[in-house]
Amino acid sequence: MLSVYTRHSNDCPQKDDINWKRCRCPKWINGTLDGQFIRKTASTGCWEKAEDLRRDWEEAASPKKLNPVTIEEAVEAYLGWWGHSKRSSTDGTNWPYPR
Ligand SMILES: [Zn+2]
């Protein structure tokens, strides 16, 4: 989970509000990504661009969490389901062959 904040310059009238979006001060992104705390500049003064970047980073990190199922685990889950199910093999169109 990441969030965008503003690092105001000293002469910015909104310098006390890190969530102020409508000045041209550099926007930064911090938070936890993939279990690691990060704090990085978004290299822009535009809040919307920083938000786009934040989404990119979150999306880039998420496939690693969705992908860890190995073939072995999939087979185990499949067999486990089969072992606990009373349903007949006619339920699975492709049984016993994986697609
Ligand atoms: Zn500012």
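Apart from neighbours within four places in sequence, Trp47 is in contact with Val4, Lys21 and Lys27; two residues are in contact if their C-beta atoms, placed from the backbone, lie within 7 Å. The model is predicted, and local features need pLDDT of at least 70, side-chain atom pairs count only at pLDDT 80 or more, and totals for chains, interfaces and linings use all residues. Residues are numbered from 1 along each chain as its sequence is written.

- Trp47 belongs to helix 1; helices (H or I, at least four residues) and strands (E, at least two) are DSSP runs, numbered from the N terminus.
- Trp47 is partly exposed, because 18 other C-beta atoms lie within 10 Å; a residue is buried if 20 or more other C-beta atoms lie within 10 Å of its own, exposed if 12 or fewer, and partly exposed in between, with C-beta atoms placed from the backbone.
- Between Trp47 and Cys25 the separation is 22 residues in sequence and 9.4 Å in space, C-alpha to C-alpha.

- Three strands form an open sheet in the order 1-2-3, with antiparallel pairing; two strands pair if DSSP finds at least two bridges between them.
- Strand 1 (2–6) and strand 3 (36–44) are at the edges, each with a single partner strand, so one side of each has no neighbour in the sheet.
- From one strand to the next, the twist averages 25°; axes are lines fitted to C-alpha atoms, for helices over the stretch in contact, and angles run from 0 to 180 degrees between N-to-C directions.
- Helix 1 (residues 47–61) packs on the sheet and touches strand 1, strand 2 and strand 3, its direction making about 20° with that of strand 2.

**Strand pairs and the hairpin**

- Strand 2 (residues 27–33) pairs with strand 1 in the antiparallel sense over 5 bridges, and Val4 stands opposite Ile29 in strand 2.
- Strand 2 and strand 3 run antiparallel and are joined by 7 bridges.
- Gln36 in strand 3 is the bridge partner of Leu33, while Thr32 stands opposite Phe37 in strand 3.
- The hairpin of strand 2 and strand 3 has 2 residues between the strands, and Asp34 there takes a positive phi near 60°.
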